[in-house]
Each structure stands twice: as structure tokens, then as C-alpha cells.
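Biologist: I'd like to go through this one with you, question by question. Can you put it up and start with the ground rules?

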Amino acid sequence: MSKKSFRQAINEALRQEMRRDPTVILMGEDVAGGRGGSAGVTDAWGGVLGVTKGLYEEFGATRVLDTPITEASYIGAAAGAAVTGLRPVAELMFVDFVGCCLDQIMNQAAKFRYMFGGKARTPLVIRAMYGAGFNAAAQHSQALYPLFTHIPGLKVVIPSSPYEAKGLLISAIRDDDPVIFLENKVMYDEEEEVPDEAYTIPFGEANLTREGDDVTIVAFGRMVGFANQAADRLEKKGISCTVIDPRTTSPLDRDTILECVADTGRLVIVDESSPRCNMATDIAALVAEEAFDTLRAPIRRVVPPHTPVPFATVLESLYMPSVEKIEAAVTATMNHRVVEKV
Amino acid sequence: MAQDITPITMPKFGLAMTEGKIAGWLVEPGASITAGEELVDIETSKITNTFESPLAGTFRRQVAANGEMLPVGALIGVVADAAVPDADIDAFITRFQAEFAESAGDGEGDAAVDEPVTVTVGEYTLRLHERGEGDEIPLVLIHGFGGDLKNWMFNHAALAQGRRVIAFDLPGHGGSSKDVGPGTLEFFAGVTIRLLDHLDLPRVHVMGHSLGGGIALTLARMAPQRVASLVLVAPAGLGRQINMDFINGFIAADRVRALQDVLKYLVHDKSLIGRRMADDVLRYKRLDGAEAALRTIAAACFPAGQQGDDLRPDIQAADMPVTLIWGQADEVLPATQAEGLPAAITRHMLADIGHMPQLESATAVNTIVEEFIKTKVATS
């Protein structure tokens, strides 16, 4: 066990699963990255942010496939390889590029098991980077997990830390259904203790990063860290929070969310995806339907405005949910007073 | 006089504990207290435990308020004789706080030493944590089925006064490698002997809990010259009966809620089993190979729904001092299994305590062990 970065945790998960199971292959743009430099390395890029570095050298060109810039073809090929016996891990680089291959994901991979009467397995993982805060502009900054969550037949995973990333990615690779695995591009250098051995974290079980009495905060991916920081500050003011990291948006651990809301009576949802039809609206609807009478204050959402992600740094930081915004939302829900009807 | 003033500081209950919250003071300032009296409830991210006074005196000052979160080692209260003037107490607190703030700024120099390490013993990798130093015979702690060295979090440091105390993860457990061979008591006792060789320890006290108690007894049979004394905490091997709902449930549970229910068999006070504790166990259980190791051990040690090893002949034949500690409310191995043993074996039957007395009644267990080593072992 040692401290590993989010990037290393993902690299280690891929490496260990490729060693364990020869049917695991990688496909994607720049997953090797070509020859480069005076040293003549064969994986100069190792992924656009270096996540797959070293895998090409260990596993070679038959298992690490550096593809052309044609998402429709290689995501389609990966889906086909999955139904015919391999376990491909295809990298979409920026999740925003899903526009080029949505049919392959939405109408093909997601539907195989259902349309073939349960006889087909599609053990496909699609890794992609998501999220703003990287100053990468509107076409490279979206948090599109609600789009995938909307499609039955897909599993959607959003790891919130290096430990979570390794265990969830190994589960994704061993899973027999298509899994969308979303990595926040700002988190690759975050570090924590990660076991050297392979391990799995099951889908559909939320993690409580802290337990409190006053407010339940549900947050996703990078927002879990923000929520924990806000909860630290709020604790000093005497407000104690439960922070739920659902880990997967599909399947969603509804029970844990409902139980925690029943305990605290207050709910704040932090979601960095566009605010219409996102996870915050989904969970707000769930709680309104199933736990309305346990609420002591209206549900609050900490979400960005309904605009493309701005490129200008100051506007981008204004756009993003932040620790301060979460703190303000929790404080507001605590200050809410029910007006008695006369 | 400053030497009459004793600081009460935030204790360190376990490896992972870096800070604790004052969950509630149990004494008022001005109260006269005895050694071992319950002073304050401390809440960590994993468990809430009562901190007991290390000495007798007057509880002069409550420095930390209820609900306050403080790092390990921070001043939470002051004990002194009633005759010590208030001004001296104030000066003491000021000086302590200044020195503590300074040492906290020094970084992790000292803390880094007090951590588990990994050693290679033949084909096995073992995680072990060593504390304490001194001339007394070292003590080795062997945890039970599904446990790890953190099972001794409330005992390890307390027992490491004047002696080395080594806690380690058995193969298949915690941070150790997951190959458990045939999964028998003899296998684990054999690995323990090789660990003693590796650490160059010719003779040790052995304290074992549950399956670890069975391993300790097997070790005493296989290498009696290595064992100075045996402390057996709810040990395996003294009866057939075992709660297979615990064993099978522990192996099968892969979700927090399911595991939390199973872990409740371990204690009498069910409120001790929090979500964090289940999370921690799941981190181990989800490692590749962990579940298979547990299944191998269960098949070898608990075939056909009961304990396979009868160690009563071993405990009767043991010629080193032996003591037995058992919680009367044990729901895994019934406390009646402590009956019918030679009179030379002192038995400590703890009322309203479950299968983990070392956790649920840590101070009592620590006192029993110290007394046992001091009297029985010294005179034998």
C-alpha cells in the first residue's frame, strides 16, 4: 500500500486486469501515442494526459490499439469485439466526443443484451474525461453523465478518488455489461493510499464519506471532495453533514439516499453537469416522491447555470459549483423556517 | 510545582486515528478521580470509546469542550493535586499548548516510525506493526478469523510499556499476502514460528484471539520452548460449537449493510459497530484472494458447521502459564467452552461483553494481561 495518484490508480487497474485476463484490450486515440523523442520511446503520449503510459510497452500493439481519429469506427469496433469475446477498454478521450459515436453506444452496445433476448454479453468499458475547471473550453469541458444515465442498458461510474477509481475500474472491466467510466480531468494528480493488490468496488452501493445529523449532501465525482471540504467548514459552525458519494449513477443506490434524507430531513445535491435533467433533478424527484414527508426544508441543488462552459477563466470558475456555494446552500437549508398556516 | 500537574491528551486509539472528537465529558472540573475512572467519551471516524484516567488526582481543568475535534496528542484536560494553585495550572496549559503547536509544525518525523511495515518471510508477505522497547520478553498478538492487526488498536500501545509488542496480519488477512496453504491451525502456527525466526525472537508471550487463540495453542504444542506464556482471548479449539451464521455471513457479505449486521455478532454493545468499521473490513474483503482465503480457512477449521480442532489436550499439556479471557455474552464461541479446564489456568469471565473483549473492555483486558505477566510469569 502506498500513496498513488488518480492517474496511477487507473493505470494500475488497467495493467493488473490486462495481466490477469488476456482478453482485456485497450483501444483509443493516442493510448500509445507513437514514437517520440531522441530516446525513441514507443508510447510517447501514453494517452492525452499520460494515463495509459507504459501499457503499450508491456502488452504490445496487439492489445493496445492506437486508433485513428474516428470515434464511430473504433467505439463500434469495441462494441463488436465485446459481444464476440474480448473485454475492450475503449478510451473516448474527452466525453464531449460522444457526439461522433452515440449510435454505437446508445443503439448498439446498450441494446445488445435486451434485443438478443439476454443471450449476448457486452463486456465493454468506455473511459472518458469529463468536467470543467481545466480551462479547456465548451467542447472539452462537459459533464455528460446524465446523458448516459438516461440510457437503459448502460452502467455509469464516476469515481471520486484514487482508491475509488482503481476498485471501480476493475469492477467495470470484469462486468459483463457496457460501462461508461468517467474520469474528472482535473483530478489526475490527486493522491491517496491505494492498495497494491487488485480489488473491486461493487456498483450500486453508495459510499458515505462522512455521517452527520443535520443535512445530507449528495455529490458526484470531483464534487465529493468539494462537499467534504464544505462539511468541514460547516462542522466548525455546528452544522453536521452526511456526504453521499453514489459512485454510480446507473445503477443508483436509492435506498442509501432515502435513508440518509430520512435521518437528516434536509438535502443538498451537488452536480457539476448542466442543470436541466441532470442527476440533481433526478435525485430531487426521487426524494420528493419517496421521502417528501421526512423533509424539513426544500431540497436545494448546487449546479452550474444552463450555458455552455465558458472558456474565460474567471467565468469558468463562476460557472462551477464550489465549496463556498455548497456551504451557502447548506446554510440556507438550515435557516429555512416552515411557516405555519393560520 | 509543574511535576504535580498531569496533562490529559487526545489518545490514539488506532493506526488510522489522527484526530478525535470530545463526544462528552463524564467528570466535572474539581472532581476527585481515581485511576481507571471514566473521564471522557472520544469519538473517532470509526468508533466511540471511553477514555479512562491514567492516574488518581483532582480533575482540575477541562481544556477541550464537548464537540471539539482535536489532533492526537492535543491537550484536553488537566489533572493535578487540589493544592496546586490555579495560576500554575494556567501557566502549564499555556506552555503545553505552545510546545504542542511547535511540535505539530515539525512534520511527521516521529509519527512515521509508528506504522506497520511489510516483511517477507519465505513465500509470504506479512504486514506487521511493532511498538515498544525494553528488556522484558516480547509479546506477539495473533488476531482471529477475518481480523487484522487493528483488532488490537486499544491494547497494542498500552501493552508496549517496557517490552516489544508485535501485532501482525495472518496470511490471507489485512495487508498480508493471500495464500493460506491448507488454511489449518498448523499452517498459521508454522508461519508464526517462521516470523519469530525472521524477527530473531527466541521466546515470546503469545496473545491470541478466537482463531488466533487456537493458533497460539497450536504454536505452544509445536514449539513449546518459544512460548513464555499464553493469553487466550475467547480462543478456538475448546469446544465444538461455533456460530456459523457469523462465519458464513462474514464470508458472503459484500455490502456495508449486510456486513454491519454480521459484525454485530462480535460485540455485546451493538452500537459499537458503525458504518466505518464495516467499510474498513470491506476494504480488506474486496481485495483479490481475500474471500477465497477465508473460504479455505473456514473449510479447514470449521468443517460440517462446527470446530474441527480439539485443543483441550494441548491446553492441558501446556506447561507454560496460561490465562483465559472470555466475554460471557460471546455470540460466536460460547463462554461455556471455558469450563472444565485445569485449575492452574486463571479464567477471567467478563460480564456483558461479547466475542471481542480486547475491544469492548480494553482496559480490563490490558490490566489482566499486565497482572498475569507480572505475577504468574515472573514467579513460574
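Modeller: First a term: helices (H or I, at least four residues) and strands (E, at least two) are DSSP runs, numbered from the N terminus. This is a predicted model, where local features need pLDDT of at least 70, side-chain atom pairs count only at pLDDT 80 or more, and totals for chains, interfaces and linings use all residues. Residues are numbered from 1 along each chain as its sequence is written, while chains are lettered from A and ligands numbered from 1 in the order in which they are written.

Biologist: Good. Which loop of chain A holds P251(A), and which residue does a cis peptide bond join to P251(A)?

Modeller: P251(A) sits in the loop between strand 12 (248-250) and helix 9 (254-264) of chain A. The cis bond there has an omega of about 0°. The residue joined to P251(A) by that bond is S250(A).

Biologist: And R247(A), is that residue buried or exposed?

Modeller: R247(A) lies in the loop between strand 11 (241-245) and strand 12 of chain A. Its phi is positive, about 70°, although R247(A) is not a glycine. By the rule, a residue is buried if 20 or more other C-beta atoms lie within 10 Å of its own, exposed if 12 or fewer, and partly exposed in between, with C-beta atoms placed from the backbone. R247(A) has 26 other C-beta atoms within 10 Å, so it is buried.

Biologist: D352(B) has a positive phi too. Is D352(B) buried or exposed?

Modeller: D352(B) is in the loop between strand 16 (346-350) and helix 10 (357-360) of chain B. The phi of D352(B) is about 55°, and D352(B) is not a glycine either. D352(B) has 11 C-beta neighbours inside 10 Å, so it counts as exposed.

Biologist: Let's zoom out. What is the radius of gyration of chain A?

Modeller: Chain A has twelve helices and 14 strands. The radius is taken over C-alpha atoms, and the globule rule is 2.2 Å times the number of residues to the power 0.38. For 342 residues that rule gives 20 Å, and chain A comes close to it, so it is as compact as a globular protein of that length; its radius of gyration is 21 Å.

Biologist: What share of the residues in chain A is buried?

Modeller: The C-alpha trace of chain A spans about 75 × 50 × 40 Å along its principal axes. Of the 342 residues in chain A, the buried share is 52%.

Biologist: How many residues does domain 1 of chain A put into the contact with domain 2 of chain A?

Modeller: The domain bounds, from an automatic or database domain assignment, are 2-194 for domain 1 and 207-335 for domain 2 of chain A. The C-alpha centres of these two domains lie 27 Å apart. Two residues are in contact if their C-beta atoms, placed from the backbone, lie within 7 Å. Domain 2 of chain A gives 23 residues, and domain 1 of chain A gives 26.

Biologist: How many residues on that side of domain 1 of chain A are nonpolar?

Modeller: Among the elements that each supply at least two residues to that side are helix 7 (162-174) and strand 7 (179-184) of chain A. Ala, Val, Leu, Ile, Met, Phe, Trp, Tyr, Cys and Pro count as nonpolar, Asp, Glu, Lys and Arg as charged, and the others, Gly among them, as polar. On this side of domain 1 of chain A, eight residues are polar, two are charged and the nonpolar ones number 16.

Biologist: Over in chain B, how far apart are the C-alpha centres of domain 1 and domain 2?

Modeller: Chain B divides into domain 1 (2-105) and domain 2 (117-379). Ten residues of domain 1 of chain B are in contact with ten residues of domain 2 of chain B. The C-alpha centres of domain 1 and domain 2 of chain B are separated by 32 Å.

Biologist: Last one: which residue of strand 12 of chain B is the bridge partner of R131(B)?

Modeller: Strand 12 of chain B pairs antiparallel with strand 10 (residues 124-131) over four bridges, and parallel with strand 11 (residues 139-142) of chain B, also over four bridges. V165(B) and A167(B) point one way from strand 12 of chain B, I166(B) and F168(B) the other way, and all are buried. L139(B) stands opposite V165(B). The bridge partner of R131(B) is likewise V165(B).

How values were computed:
Two strands pair if DSSP finds at least two bridges between them.
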